[in-house]
Structure formats: structure tokens, C-alpha cells
Amino acid sequence: MKKTSRTRVVTGGAIVAALALGGFGAYSANATGEDTAAAPAAAVAKADAKNKNTTRSTHLTIEAATKAAQAALDAAEKENQRVSVAVVDRNGNTLVTLRGDGAGPQSYESAEKKAYTAVSWKAPTSELAKRLTNAPTLKDIPGTLFLAGGAPVTAKGAPIAGIGVAGAPSGDLDEKFAQAGAATLGK
């Protein structure tokens with residue numbers, strides 16, 4: 001017969017007890033007849049308010065990201081421009097990409113990089129491109145593209161997304177379309 005360490009038995013017992021008590025608390029809350037969705041949310045909010053080690057953040061919904069991307073693509077199509085549009089979240093993760101009919105193959109990746117760059121620095125990429133004069137190594141940061149066409153989206157003073165457009169004959173047009181997408185989020 002194989003020996004089992006005392007530590008392993010005690011740890012295993014503690015985990016089983018914690019799971020049992022956690023399950024009991026969930027069933028108890030259910031039995032009170034309270035709104036089961038509201039009760040845990042209220043408990044979490046109260047716990048978070050007291051915890052100095054955590055923070056809350058605002059995130060763009062997929063529905064809003066899709067709406068913004070489509071608005072940017074529509075603005076480009078009105079001017080007969082063939083572009084790709086990307087929307088990234090506050091962490092630079094891609095939420096939505098739309099490749100317009102006839103958009104060049106390079107435009108897809110460029111749009112994502114412009115969106116990432118805009119949200120990372122919380123500034124339009126046309127402004128960031130000007131900074132390369134004083135800091136030329138900025139362009140070496142992986143995943144970034146310092147060309148006009150990216151617009152940040154903010155809420156409550158914090159970045160929540162970036163919109164990038166690529167494929168028009170000028171970065172100014174790309175950025176105009178990205179701004180059109182961002183403008184729909186303020187409505």
C-alpha cells in the first residue's frame with residue numbers, strides 16, 4: 001500500500017470543505033427567494049469597493065464595435081474608397097475586422113495595427129506619426145503602425161478601443177473614416 005502524505009490529505013480535505021460551503025451558500029441564496037443574479041452582483045460590487053488591490057474598467061461591447069466598424073466602412077464606401085476596418089479593445093485585442101469589397105490584401109493587417117497603435121497611446125495615429133521625428137525608434141515597437149488612419153475611443157477619460165482604417169490613397173482619408181466610426185459611439 002502506498003503512503004499518502006499528511007499535507008496532501010489535509011489540503012484535499014480543505015478544498016472539499018471549501019467547495020461544499022461554497023455550494024451551500026449558493027443554495028442558501030437561492031432558497032431565500034431573492035433575485036439570484038442581483039445578489040451575487042451586489043456582493044461582488046461591495047467586495048470590490050473595499051478591495052484596494054483591484055480596479056474596474058469599461059469595455060466596448062461587440063455590438064458597439066461592429067456598429068463603429070460598419071460606420072467607418074460605410075463612410076469610405078460613400079467616397080468610393082476600398083478599405084479594411086479594425087476595432088480593437090482597450091488591451092489591443094481585435095474585436096471586429098471588416099474588409100471592404102476590393103480592399104487590398106495589406107489593408108487588413110494595417111488596419112489592425114493602426115487601431116492597436118491608437119488605443120495604446122490614446123491618440124490619433126496621425127499625431128503619433130509626427131512624434132517619429134523626435135523618437136524614430138517608436139516605429140520599432142511590435143504590432144504598431146505609425147501612419148494616419150487610427151482613432152482612439154475613450155470613455156470616462158480612459159481608452160476603451162481603437163479603430164483603424166487602411167486602404168485609401170491617403171492616411172488622412174483613412175483617419176477621416178476611422179473618426180466617422182468613432183463618432184457613432186458617442187450617439
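Student: How many salt bridges are there?

Tutor: Four salt bridges. Keep in mind that this is a predicted model.

Student: Which residue does E79 pair with?

Tutor: K176. The closest N and O atoms of E79 and K176 are 2.6 Å apart. The pair links distant parts of the chain. E79 sits in the loop between α3 (62-78) and β1 (84-89), while K176 belongs to helix α6 (residues 171-184). They are 97 residues apart.

Student: What about K114, which residue does it bridge to?

Tutor: D174, with the closest N and O atoms 3.0 Å apart. K114 lies in helix α4 (residues 105-121) and D174 in helix α6, so this pair ties together parts 60 residues apart in sequence.

Student: K114 first: buried or exposed?

Tutor: Buried, with a relative accessible area of 4%. D174 is buried as well, at 3%.

Student: And which residue does D140 meet in a salt bridge?

Tutor: K139, at 3.7 Å from N to O. D140 counts as exposed, at 52% relative accessibility.

Student: Switching to α3. What should its 17 residues span?

Tutor: They should span 24 Å, at 1.5 Å a residue. The end C-alpha atoms of α3 are 24 Å apart, so the model agrees.

Student: Which residues of α3 are buried?

Tutor: A64, A65, A68, A69, A71, A72, L73, A75 and A76.

Student: What covers the buried residues of α3?

Tutor: The cover includes β1, β2 (94-99), β4 (158-166) and α6.

Student: And which residue with positive phi follows α3?

Tutor: N80, with phi near 55 degrees.

Student: Last one: where is S120?

Tutor: In helix α4. S120 is partly exposed, with a relative accessible area of 39%.

Student: What lies 2.7 Å from a polar atom of its side chain?

Tutor: The backbone oxygen of Y116. Also, the C-alpha atoms of S120 and R90 are separated by 7.8 Å, and those two residues are 30 residues apart along the chain.

Technical notes
Residues numbered from 1 in each chain as written. Predicted model: local features only at pLDDT ≥ 70, side-chain atom pairs only at ≥ 80, totals over all residues. Heavy atoms only, no water. Salt bridge = Lys/Arg side-chain N within 4 Å of Asp/Glu carboxyl O. Helix = DSSP H or I, 4+ residues; strand = E, 2+ residues; numbered from the N terminus. Buried < 20%, exposed > 50% of the residue type's maximum accessible area, 1.4 Å probe, protein only. Expected span 1.5 Å × (residues − 1). Contact = heavy atoms within 4.5 Å. Polar contact = N/O pair within 3.5 Å; in protein donor to acceptor, adjacent residues only side chain to side chain.
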